[in-house]
Amino acid sequence: MIYFTMSLFLLLSTSLWAFFFLYLCIFKLSCFSRKRFYYSPPSYPFIGCLISFYKNRRRLLAWYTDLLSDSPTQTIVMQRLGSRRTIVTANPANVEHMLKTNFLNYPKGKPFTDILGDLLGCGIFNVDGDLWSSQRKLASHAFSAKSLREFVVKTLEDEVHLRLIPLLQNAAQTNAVLDLQDVLGRLAFDTVCKVTLGTDEQCLDMSRPIPEIVNAFDTATGVSAKRAIAPLFLTWKAKRMLNLGSEKKLKEAVQMVHKWVSNIIRNKNLNNNNNTLPNHNQTHNNDLLSRLQSAGHDEEVVRDMIISFIMAGRDTTSAAMTWLFWLLTKHPEVEEAIINEASSLSDDLKSTSLGYGYEELKDMKYLKACLCESMRLYPPVAWDSKHAAAPDILPDGTPVRKGDRVTYFPYGMGRMEELWGKDRLEFKPDRWYQNGELKTVSPFKFPVFQAGPRMCLGMEMAFIQMKYVVATVLKRFEFRPASENVPVFVPLLTAHMAGGLQVYVRERTEQKSTIW
């Protein structure tokens with residue numbers, strides 16, 4: 001009896017292994033045959049590429065870039081257990097197809113809005129269809145107003161000259177190591193709060209503890225970003241349902257952010273109602289919130305739009321400037337060219353203001369080229385995803401199924417030899433600048449600000465802010481990294497530099513004999 005049982009067990013075991021081996025061979029054969037249509041990482045039955053994904057989870061950017069470089073079409077298809085089928089592309093033709101040509105077939109989709117829904121709610125960056133269209137029209141009207149542009153420049157003038165420059169002067173005088181990424185983040189938060197809400201958070205006052213709301217934003221964006229790259233999406237959903245770990249922290253942070261913005265909205269409504277003799281010259285009437293309130297939108301819609309604008313305006317510009325300042329420490333000839341351009345424009349200034357005006361900032365073409373080249377290598381948003389509403393075929397022949405996640409990958413695109421040549425990893429602003437003018441580069445080759453109907457409304461404002469800060473600071477100060485190590489690029493909702501950018505500061509008026 002024992003012999004019979006063991007024989008039966010061995011027979012069943014052998015049959016199961018034979019079946020598994022046969023299935024594996026068929027699967028591999030089918031994968032091989034499909035490689036005529038698309039390129040995929042090593043995959044296995046049932047689990048797909050989960051093993052490869054897990055092994056490379058701490059270097060996803062480099063892994064995706066390597067896979068895309070090896071792909072004949074600069075597109076890869078990934079399938080893994082616990083995640084929907086994902087197409088990642090660095091092909092400009094595919095990017096144009098999904099962001100413009102067949103725009104309606106590639107909304108953000110419910111899987112994306114689920115990830116960011118707790119934080120962004122129904123804000124413009126997290127909705128599709130009519131809700132997105134109505135918010136887009138409203139925001140477009142507000143961003144195009146000349147008075148808002150002037151308000152942004154005036155806000156920058158106050159923040160940079162009255163707070164940032166004294167802070168840098170103090171660091172230079174005390175020879176203190178300064179985290180430039182942290183400083184630029186504080187500056188960006190102060191600026192975006194003044195522009196969007198009309199409030200002064202005073203983050204650049206280093207004598208005060210950083211406001212709790214800043215930490216709440218950091219927690220909310222960090223945890224939300226980790227949802228998107230979790231090997232199994234059910235993990236974060238289960239933690240959210242049980243209110244455990246990082247999801248509990250996210251819930252608390254989101255509650256703080258929503259309450260903070262809602263209180264500001266209510267207070268502004270109350271002040272407006274009590275103001276029987278409105279003064280249209282008041283600064284707070286120029287902020288974005290005042291403009292949205294005048295359109296009569298519901299408080300929750302206004303709150304979600306404001307949170308979206310704060311996130312976009314705060315993190316992206318500070319990240320871009322941080323990487324540019326670091327690159328300039330390695331390229332003094334580029335830094336000198338920026339200073340020369342800024343100095344020539346400041347010599348022509350006819351205004352009595354402390355700094356540059358809107359027109360002077362628009363004329364800083366070489367500085368814009370430097371910012372574009374920096375963002376090519378270190379884009380503030382490393383990747384962005386849409387979800388196919390219906391089956392489709394991309395221009396390179398890759399088949400798309402309904403519900404597929406389709407991701408375009410600015411970080412990888414900036415590293416494709418097919419797009420930027422053999423010197424693609426080098427910092428060369430002349431890619432964008434020739435004979436005193438900016439070269440025209442397709443937004444589908446450089447989709448840092450998206451492209452098509454969802455092109456970033458704040459792009460011009462972002463460049464104005466970055467130009468003002470970089471030009472003003474470089475004319476007065478120079479930086480030296482406290483460490484010679486190459487910084488690590490960390491992609492969350494918006495990318496940042498791991499550990500910050502620790503620098504020594506020196507005023508340019510000091511004698512050259514000063515020892516660094």
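The dialogue below walks through how to read several features of a predicted model.

User: How is the model's confidence expressed, and what is the mean pLDDT of the chain?

Analyst: pLDDT is the predictor's confidence in each residue, on a scale from 0 to 100. The mean pLDDT of the chain is 87, and 87% of its residues reach 70 or more. Over residues 276–283, however, pLDDT stays under 50, and the model has 4 contacts beyond four places in sequence for them, where contact means heavy atoms within 4.5 Å. Residues 510–515 also stay under 50, with 5 such contacts. In this predicted model, local features need pLDDT of at least 70 and side-chain atom pairs count only at pLDDT 80 or more, while totals for chains, interfaces and linings use all residues. Residues are numbered from 1 along each chain as its sequence is written, and side-chain values use heavy atoms, with hydrogens and water left out.

User: What span should helix 13 have, and is it enclosed or open?

Analyst: Helices are DSSP runs of H or I with at least four residues, and strands are runs of E with at least two, both numbered from the N terminus; the expected span of a helix is 1.5 Å times one less than its number of residues. For helix 13 (residues 299–330), the 32 residues should span 46 Å, which agrees with the 48 Å between its end C-alpha atoms. Buried means under 20% relative accessible area, exposed over 50% and partly exposed in between, with a 1.4 Å probe and protein chains only. Because 25 of its 32 residues are buried, helix 13 is largely enclosed by the rest of the structure. Asp315 lies in this helix and, at 14% relative accessibility, counts as buried; beyond its neighbours within four places in sequence, Asp315 is in contact with Thr221 and Thr494.

User: Where do the buried residues of helix 5 fall, seen down its axis?

Analyst: The arc is taken from the directions from the helix axis to the C-beta atoms. Among the buried residues of helix 5 are Phe112, Ile115 and Leu119. The buried residues of helix 5 fall within an arc of 160°, so they line one face of the helix.

User: What is the strand order of the open sheet, and which strands stand at its edges?

Analyst: Strands of a sheet pair through backbone hydrogen bonds, either parallel or antiparallel, and two strands are taken as paired if DSSP finds at least two bridges between them. Here the open sheet of 3 strands has the order 3-13-10, with antiparallel pairing. Strand 3 (178–179) and strand 10 (477–481) stand at the edges, each with a single partner strand, so one side of each is left without a neighbour in the sheet. Strand 3 is joined to strand 13 (residues 502–507) by 2 bridges, and Asp179 stands opposite Gln502 in strand 13.
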